[in-house]
Amino acid sequence: MFDIYKKNAEIKKAYKLFKDGKYQEALNCYDNILKKDQNYTDAWYGKGVVLRELGKLEEALKAIKVALKLDPKYVDVWISESVILRELGKLEEALKAVNMALELNSKNFDALNSKCLILEDLNQYKDAIECYDEIIKLNPRKRKSWLNKGAFLLGISHYNEALDCFDKIIKLDKDHIEAWYFKGLSFVELKQLEDALNCFEKVIELDMGNIEALYFKGTSLGKLERYNEALNCFSKVIELDPQFDAAFTSKAVTLNVLGESQKALEFINTALELNPNDIGTLCIKGIILKDLNEVQEALDVFDKVLEVDPDFELAKEEKEEILGKP
């Protein structure tokens, strides 16, 4: 009886260390437990979970496989194996593992969610949608399930179906920030910019410091040719997060449209300092230089873009325009 109590105390200590983010200490704790008892399933499972957090995926998988050998009916361990296999890019094996978990418990939310992600990675979109629907059937009022399905549908360009999911959430919770935000993104893709703008404004009303919503409010205003309002949004984003390179890029583009190309050049240079490998931003610098009549510098920039991506259409078009090619 004392041994059982001691084991439970040690496993609780290891779990607390893990929850506190003290992964190496948790790992040491699990190893100490396993020195005394190599057949302690929970210790092998815990060790696998910690190793995954430490980025040691192959070692994590070995620990998880030992746990499964000791207890092949441990649902959470099958789920962990599926997660690790997915992160290792072994998608078919990951799918088999999560299906094992679902054979043991067909209504396990974590298993179903893991399966959805694996099916997405395998581009099995129809099956993924059915999997999301299975989750929703279990709890139609669970906002996170609708949000995950909506985000997935948005990602595969099923914009109207995605909107239906976000509207379901908003019916349940009219102040759900993420639902309004993703609804706005869906409207952007549908080019319904006034509707998108209303959504982003709702997000900002609920969370004044929401940088992403401020940014997309700015891009929506820019597409609506409300340039000064767009500039105000980008300036607020930069004030809130001076590392947000896309805001510097968008501000540069807007300034250039307004004919303030010299100011635009300053902002595009800052964007490139923050993200020097973004060839889209580099191409915009070339366009600004062209508008400033810095022709050779612009050509040099377009050549740099085309060195990285010879098929970058905008850079090819801009270069051909300068050189007078049809």
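Mentor: Tyrosine 15 and phenylalanine 18 both sit in helix H1 (residues 2-19), three residues apart, about one turn of the helix. Helices here are DSSP runs of H or I with at least four residues, numbered from the N terminus. This is a predicted model: local features need pLDDT of at least 70, side-chain atom pairs count only at pLDDT 80 or more, and totals for chains, interfaces and linings use all residues. Residues are numbered from 1 along each chain as its sequence is written, and side-chain values use heavy atoms, with hydrogens and water left out.

Trainee: How is the pair of tyrosine 15 and phenylalanine 18 arranged?

Mentor: Rings of Phe, Tyr and Trp (its six-membered ring) pair if their centres lie within 6.5 Å; planes under 30 degrees apart are stacked, over 60 edge-to-face, the rest tilted. The whole structure has 14 aromatic pairs. Tyrosine 15 and phenylalanine 18 form a tilted one, 6.4 Å centre to centre, with 35 degrees between the planes.

Trainee: Is phenylalanine 18 buried or exposed?

Mentor: Buried means under 20% relative accessible area, exposed over 50%, partly exposed in between (1.4 Å probe, protein chains only). Phenylalanine 18 is buried because its relative accessible area is 16%. Tyrosine 15 is at 46%, so tyrosine 15 counts as partly exposed.

Trainee: Which residues does the ring cluster link?

Mentor: Ring pairs join Phe166, Tyr181, Phe182, Phe200, Tyr215, Phe216, Phe234 and Phe244.

Trainee: Which residues touch the most other members of the largest nonpolar core?

Mentor: In soluble globular proteins, nonpolar side chains tend to be buried together. A nonpolar core is a set of buried Ala, Val, Leu, Ile, Met, Phe, Trp, Tyr and Cys residues joined through side-chain atoms within 4.5 Å. The largest has 87 residues, and Tyr30, Ala43, Phe200 and Val237 touch the most other members. A second, separate core of 21 residues includes Leu282, Cys283, Leu289 and Ala315.

Trainee: What does valine 237 touch?

Mentor: Contact means heavy atoms within 4.5 Å. Leaving out residues up to four places away in sequence, valine 237 touches Ile211, Leu214, Tyr215, Phe244 and Ala247.

Trainee: Where is histidine 176 found?

Mentor: Histidine 176 lies in the loop between helix H10 (159-172) and helix H11 (177-189). Its relative accessibility is 13%, so histidine 176 counts as buried. Not counting residues up to four places away in sequence, histidine 176 touches Arg143, Leu147 and Ile169.

Trainee: Where does the charged end of lysine 142 sit?

Mentor: A charge sits over a ring if NZ of Lys or CZ of Arg is within 6 Å of the ring centre and within 35 degrees of the ring normal. Lysine 142 has its charged end over the ring of phenylalanine 109, 5.1 Å from the ring centre.

Key. Helices (H or I, at least four residues) and strands (E, at least two) are DSSP runs, numbered from the N terminus.
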